[in-house]
Amino acid sequence: MMDKALLEQQLSELPLYVYTYIDPRALEFSSRIRYICQAECPMYGKSWACPPATGEVDACKKRCAAYANCLLIGTIVEVGDISNIEESLATRGDHEAVTNEVRDLMRQQGVEPYILSTEACAACDRCAYLDGQPCRFPERMHPCIESHGINVIPVLEENGLEFQYGGNIVTWYSLLFFNE
Ligand code: SF4
């Protein structure tokens, strides 16, 4: 059994804007989200962390359903100019670092989370997917939440959170699915 009180105390010491447990069964999976990946994301078809490599939405849903619990974490940062995509995306690294810190805290308690995070994986200069090779670091690779067809907005709303706060505020979220 994971010591949730210990984890929460450790989470409170990290630069997290929010951390809260959510019911993974309440997540909305939708092929509409994946349509946006396909139509609008330049990473579609270029990484093991992105569709179609992540599998059909139903398969993604089953993968997540194997976990009874889910921890939602979020970070928030103000940039000089949110329309500067490069500047906004550069803040992603800090979010991924804190996501890995949370993963390590869970691992210390013998829990291995399945992590969905932000954007496509950038662990390698060239993703092995492009060369038809298996992922080199599956333990480091965190597919983005949208890659699994998850519409995160309803769950954010239920928790009084926004996907975008306007102004120059950038928010990032991760979902860590786990079994105790
Ligand atoms: S770890 Fe490397 S091979 Fe695996 S998804 Fe990330 S970039 Fe691709």
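**Ligand shell, core and sheet in a predicted chain**

The shell around the ligand is made of 11 nonpolar residues, one polar and two charged. Here Ala, Val, Leu, Ile, Met, Phe, Trp, Tyr, Cys and Pro count as nonpolar, Asp, Glu, Lys and Arg as charged, and the others, Gly among them, as polar. The model is predicted: local features need pLDDT of at least 70, side-chain atom pairs count only at pLDDT 80 or more, and totals for chains, interfaces and linings use all residues. Residues are numbered from 1 along each chain as its sequence is written.

**Ligand**
- Around the ligand stand 14 residues, each with its C-beta atom, placed from the backbone, within 6 Å of it.
- Trp48, Cys121, Cys124, Cys127 and Cys135 come nearest.

**Fold**
- The chain has six helices and six strands, taken as DSSP runs numbered from the N terminus (helices H or I, at least four residues; strands E, at least two).
- Their order along the sequence is α-β-β-α-α-β-α-α-β-β-α-β.

**Strand pairing**
- S3 and S6 pair antiparallel over 10 bridges; pairing requires at least two DSSP bridges between two strands.
- In this pair, Thr75 stands opposite Trp172 in S6.
- S3 also pairs with strand S1 (residues 18-22), antiparallel over five bridges.
- Tyr21 stands opposite Leu71 in S3.

**Nonpolar core**
- The largest nonpolar core holds 30 residues. Such a core is a set of buried Ala, Val, Leu, Ile, Met, Phe, Trp, Tyr and Cys residues joined through C-beta atoms within 7 Å.
- Leu72, Ile145, Leu175 and Leu176 touch the most other members of this core.
- Helix H2 (31-40), helix H3 (57-65), strand S3 (69-78), strand S4 (114-116) and strand S6 (169-178) supply at least two core residues each.
- S6 gives the largest share, seven residues.
- Beyond its neighbours within four places in sequence, Leu72 is in contact with Thr20, Ile22, Val155, Tyr173 and Leu175. Contact means C-beta atoms, placed from the backbone, within 7 Å.

**Overall dimensions**
- The C-alpha trace spans about 45 × 40 × 30 Å along its principal axes.
- The radius of gyration is 16 Å, which agrees with the value near 16 Å for a compact globule of 180 residues. It is taken over C-alpha atoms, and the globule rule is 2.2 Å times the number of residues to the power 0.38.
- Of the 180 residues, 29% count as buried, with 20 or more other C-beta atoms, placed from the backbone, within 10 Å of their own.
- Among contacts with a separation of 6 or more, 77% join residues 24 or more positions apart.

Note on methods
Buried ≥ 20, exposed ≤ 12 C-beta atoms within 10 Å, placed from the backbone. Contact = placed C-beta atoms within 7 Å.
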